[in-house]
Amino acid sequence: MTIQAHLESLEKKHGALEEKLHHALVSPSKNDNHIAELKRLKLRIKDEMERLRASTRH
């Protein structure tokens, strides 16, 4: 898998997590642990995307 393809895959995962997070936040039966986990996963993916982008700039 090329770096670009990996980035695209991560962007799709990040978007899917954003959707899940939105639905969890507006849900009447909010689960704070689930929301926190989604935020952690989203941040981990974002960090990985930034790391990959930085490595392609050098």
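Apart from its neighbours within four places in sequence, L17 is in contact (heavy atoms within 4.5 Å) with L38, L41, K42 and I45. The model is predicted: local features need pLDDT of at least 70, side-chain atom pairs count only at pLDDT 80 or more, and totals for chains, interfaces and linings use all residues. Residues are numbered from 1 along each chain as its sequence is written, and side-chain values use heavy atoms, with hydrogens and water left out.

**How the two helices are arranged**

- Helix α1 covers residues 3–26 and helix α2 covers residues 32–57; helices here are DSSP runs (H or I, at least four residues; strands are E, at least two), numbered from the N terminus.
- The axes of α1 and α2 come within 9 Å and cross at roughly 160 degrees, where axes are lines fitted to C-alpha atoms, for helices over the stretch in contact, and angles run from 0 to 180 degrees between N-to-C directions.
- The crossing angle therefore makes α1 roughly antiparallel to α2 (over 145 degrees; under 35 is roughly parallel, 65 to 115 roughly perpendicular and the rest oblique).
- The crossing of α1 and α2 is left-handed, meaning that the near helix is turned anticlockwise from the far one by less than a right angle, clockwise being right-handed.
- The contact of α1 with α2 has 13 nonpolar, four polar and nine charged residues (nonpolar: Ala, Val, Leu, Ile, Met, Phe, Trp, Tyr, Cys and Pro; charged: Asp, Glu, Lys and Arg; polar: the others, Gly among them).

- L17 is found in helix α1, and it is buried at 11% relative accessibility (buried is under 20% relative accessible area, exposed over 50%, partly exposed in between, with a 1.4 Å probe and protein chains only).
- Although L17 and L38 are 21 residues apart in sequence, their C-alpha atoms are 6.5 Å apart in space.
- K42 has its place in helix α2 and counts as buried, with a relative accessible area of 16%.
- Leaving aside its neighbours within four places in sequence, K42 is in contact with H14, L17, E18 and L21.
- K42 and A24 are 18 residues apart in sequence and 14 Å apart in space, C-alpha to C-alpha.

**Salt bridges**

- Five salt bridges are present in the structure; each is a side-chain nitrogen of Lys or Arg within 4 Å of a carboxyl oxygen of Asp or Glu.
- One of them joins K42 to E18, with the closest N and O atoms 2.1 Å apart.
- K42 lies in helix α2 and E18 in helix α1, so this pair ties together parts that are 24 residues apart in sequence.
- E18, at 37% relative accessible area, is partly exposed.
- R53 and E11 meet through their side chains in a further salt bridge (2.6 Å, N to O).
- That pair links distant parts of the chain, since R53 is in helix α2 and E11 in helix α1, 42 residues apart.
- R53 is partly exposed at 25% relative accessibility, and E11 is partly exposed with a relative accessible area of 38%.
- The side chains of E50 and R53 also form a salt bridge (3.3 Å, N to O).
- E50 and R53 are three residues apart in helix α2 and therefore separated by about one helical turn.
- E50 is partly exposed, at 39% relative accessibility.
- Salt bridges with shared partners join E11, E50 and R53 into one network.

- E19 and E48 are 29 residues apart in sequence, and their C-alpha atoms are 19 Å apart in space.
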